[in-house]
Amino acid sequence: MFLAAWLLIVNVPLSAQAILKHTVDIGETLASIAQRYGTTEARIIELNPDAADFIYVGMELVIPVASPANLTEVMENLADKKDSVAFGLETALSMSLSQTDAISQEVPERLTSSREDERKSAIFEVMYTAGSFEDVKFSGMYGFGFTMHPWEIAPDLYAGFHFSPLNFNFGLVPEGYESDVVMLGPAIGYYFTPAIFISAPLDVICNVSFGIGRDDKVYTKWGLSLSPSVYIGRKFGVFLGPVFSISFVKNAEVVCGFRAGIFF
């Protein structure tokens, strides 16, 4: 709002110089202040040496006025300008508030819809998983699975689950040792962007081995795996990440491998 000047000292003779005190407002310059009060920049600087270099908002200046008659005219002009400025500010403030309300309704929609509309909540995977780096082929599995992140638990952070029922090692191991691995567990996904995100499923593993060529019996072995993977792509792309697994047997150790594939 306009900062009106006020009378500081008027107890002087008619021939003496009256003085006003003015607080610098936004957008004002020495030239505009001098014009407003009917004086010159040089006379203002004479009474305010610090204003010779620059003035700043909130700075108080002593303004010389030629005579009490001139002072009355200046004060009347200030009063008129004060009313017009106040009206303009009130109008601008009203418009700003209405625009702010409109923007406040639009922005949250943009922020929420941008991620929700673009991110992939369901990811279907074709992958190759090696249980150990020491023997990538014999510990390997190729298969199919999917990951879903339907629940938002924090900005860009989602919860869901991973399920991969078909992971075979046929052709990778000697005949008679074929097996299928079933993986199921919760998953956490973080979206850096809709095209770059991390999914970290914690799966219970059920390894079903078929005794083909031996005793034709079926054997099962259980375990646990954590496989955080980085996904790159929108509608489809690639993913890669480590796999940490442990079997539910006595004295079992954590084994490190990797998981890689494509998703769509």
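**Strands around the largest pocket**

In this predicted model, six strands each supply at least two residues of the lining of the largest pocket: strand E4 (122–130), strand E5 (140–154), strand E7 (179–193), strand E8 (196–210), strand E9 (218–226) and strand E11 (237–247). The greatest share comes from E9, which gives seven residues to this lining. The volume of the largest pocket is about 690 Å³. Its lining is made up of 31 residues, among which Gly131, Ser139, Val181, Asn207 and Lys221 are the closest to the centre of the pocket. By residue class, the lining of the largest pocket holds 13 nonpolar, 15 polar and three charged residues.

Two of the strands that contribute to the lining, E4 and E11, also pair with strand E12 (residues 255–263). E4 and E12 are antiparallel and are connected by six bridges. In this pairing, Ala130 lies opposite Phe258 of E12. E11 and E12 likewise run antiparallel, and nine bridges join them. Here Phe239 has Gly261 in E12 as its bridge partner.

For the protein chain as a whole, the secondary structure consists of three helices and 12 strands. The chain has 264 residues, and 34% of them count as buried. Among contacts in the chain with a separation of 6 or more, 53% are between residues 24 or more positions apart. The accessible surface of the protein chain amounts to about 15600 Å², and carbon and sulfur atoms account for 65% of this surface.

Methods: Residues numbered from 1 in each chain as written. Predicted model: local features only at pLDDT ≥ 70, side-chain atom pairs only at ≥ 80, totals over all residues. Heavy atoms only, no water. 1 Å grid on protein atoms, 1.4 Å probe; cavity = no way out; pocket = protein on both sides within 12 Å on 5 of 7 lines; lining within 4 Å. Points joined across faces, edges and corners; volume = space filled by probe spheres on them. Helix = DSSP H or I, 4+ residues; strand = E, 2+ residues; numbered from the N terminus. Nonpolar A, V, L, I, M, F, W, Y, C, P; charged D, E, K, R; others polar. Buried < 20%, exposed > 50% of the residue type's maximum accessible area, 1.4 Å probe, protein only. Contact = heavy atoms within 4.5 Å. Areas by Shrake-Rupley, 256 points an atom, 1.4 Å probe, with all protein chains shown as cover. Pairing = 2+ DSSP bridges.
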